[in-house]
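Have the picture open while you read.

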Amino acid sequence: DIIPQPLLDQYLSMTDPARAQTVDTEIAKHCAYSLPGVALTLGRQNWHCLKDTYETLASDVQWKVRRTLAFSIHELAVILGDQLTAADLVPIFNGFLKDLDEVRIGVLKHLYDFLKLLHADKRREYLYQLQEFVVTDNSRNWRFRYELAEQLILILELYNPNDVYDYLRHIALTLCSDKVSEVRWISFRLVVAILQKFYANSANALGLNFINELVVRFRHCSKWVGRQAFAFICQVGMFSLCFCVYIKS
């Protein structure tokens, strides 16, 4: 009753491989681009009309189609709600995490937006997989690692201090030693954000352990780039401390 049935049928038929060969080779990509809008129009109660089409597009042989869905999966999760997201979108999301970098970047850019919609127990499962984002198909793709550091700064609020220390701390330290200076710079902000997380939650012991690790790893590093990293971390941390004191005053 929301839209004419023939119009919906015409949209759903866009995933037919025969149409891609005879009408438009990128018709599946256009279908994927429009799917969140169609889902919003139909409403979550009619998601069953689109579910099969979405799964077909998510497994399309063209990476551009999968990439389009990866960039919008967080928007679709908002439309569908937590129950449908957990049942129907999480498996697709997990598949995108193991896809080509061109597809993975789509979920990475909105990783925080998607994870915050999940229940805490389901969200915690991804702590084990975040490390995989450090490895890319092309090591020269430094923007991928830069995006990871940016997302981790946001993601810190979704996890408790112990999880941050056990899982995210290792990623931050790895990124601080990246070969590309832009990645290192954003990673210094991530390190300071982790320290702020510890002390904001009264996890002083974790914060002290992390500081000692930074001292050993960078302050006493035999290479000048490591010692320089420690100086920059102190610089970013001092700025953040002064800012917090100013706000409180």
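Start with two helices that touch: Ala28, Cys31, Ala32, Leu35, Val38, Ala39 and Leu42 in H3 meet Cys49, Leu50, Thr53, Tyr54 and Leu57 in H4. Contact here means heavy atoms within 4.5 Å. Sorted by class, that contact of H3 with H4 has 11 nonpolar residues, one polar and no charged. The classes go like this: Ala, Val, Leu, Ile, Met, Phe, Trp, Tyr, Cys and Pro count as nonpolar, Asp, Glu, Lys and Arg as charged, and the others, Gly among them, as polar.

A quick word on the ground rules. This is a predicted model, where local features need pLDDT of at least 70, side-chain atom pairs count only at pLDDT 80 or more, and totals for chains, interfaces and linings use all residues. Residues are numbered from 1 along each chain as its sequence is written, and side-chain values use heavy atoms, with hydrogens and water left out.

**The whole chain**

The protein chain has 14 helices and zero strands. Helices (H or I, at least four residues) and strands (E, at least two) are DSSP runs, numbered from the N terminus. The C-alpha atoms fill a box of roughly 70 × 35 × 30 Å, taken along the principal axes. Of the 249 residues, 44% are buried; buried means under 20% relative accessible area, exposed over 50%, and partly exposed in between (1.4 Å probe, protein chains only). Among contacts between residues at least 6 apart in sequence, 67% join residues at least 24 apart.

**Two helix pairs**

Two packed helices are described by the angle between their axes and the distance between the axes. Axes are lines fitted to C-alpha atoms, for helices over the stretch in contact, and angles run from 0 to 180 degrees between N-to-C directions.

| Helix pair | Angle | Axis distance |
|---|---|---|
| H3 (residues 27-42) and H4 (residues 48-58) | about 155° | 11 Å |
| H10 and H12 | about 15° | 9 Å |

On the H10 side, the residues that make the contact include Trp142, Arg145 and Tyr146, and on the H12 side they include Glu182, Val183 and Ile186. By class, this contact has nine nonpolar, one polar and four charged residues.

**A closer look at Arg145**

Is Arg145 buried or exposed? With a relative accessible area of 8%, Arg145 is buried. Arg145 sits in helix H10 (residues 142-155), and its side chain makes a polar contact with the side chain of Asp178 (2.4 Å). A polar contact is a pair of N or O atoms within 3.5 Å; within protein, one must be able to donate a hydrogen and the other to accept it, and residues adjacent in sequence count only if both atoms are side-chain atoms. Leaving aside neighbours within four places in sequence, Arg145 is in contact with residues including Val134, Leu175 and Val180.

**Out in a loop**

Ser202 lies in the loop between helix H12 (181-200) and helix H13 (204-219). Ser202 is exposed, at 61% relative accessible area.
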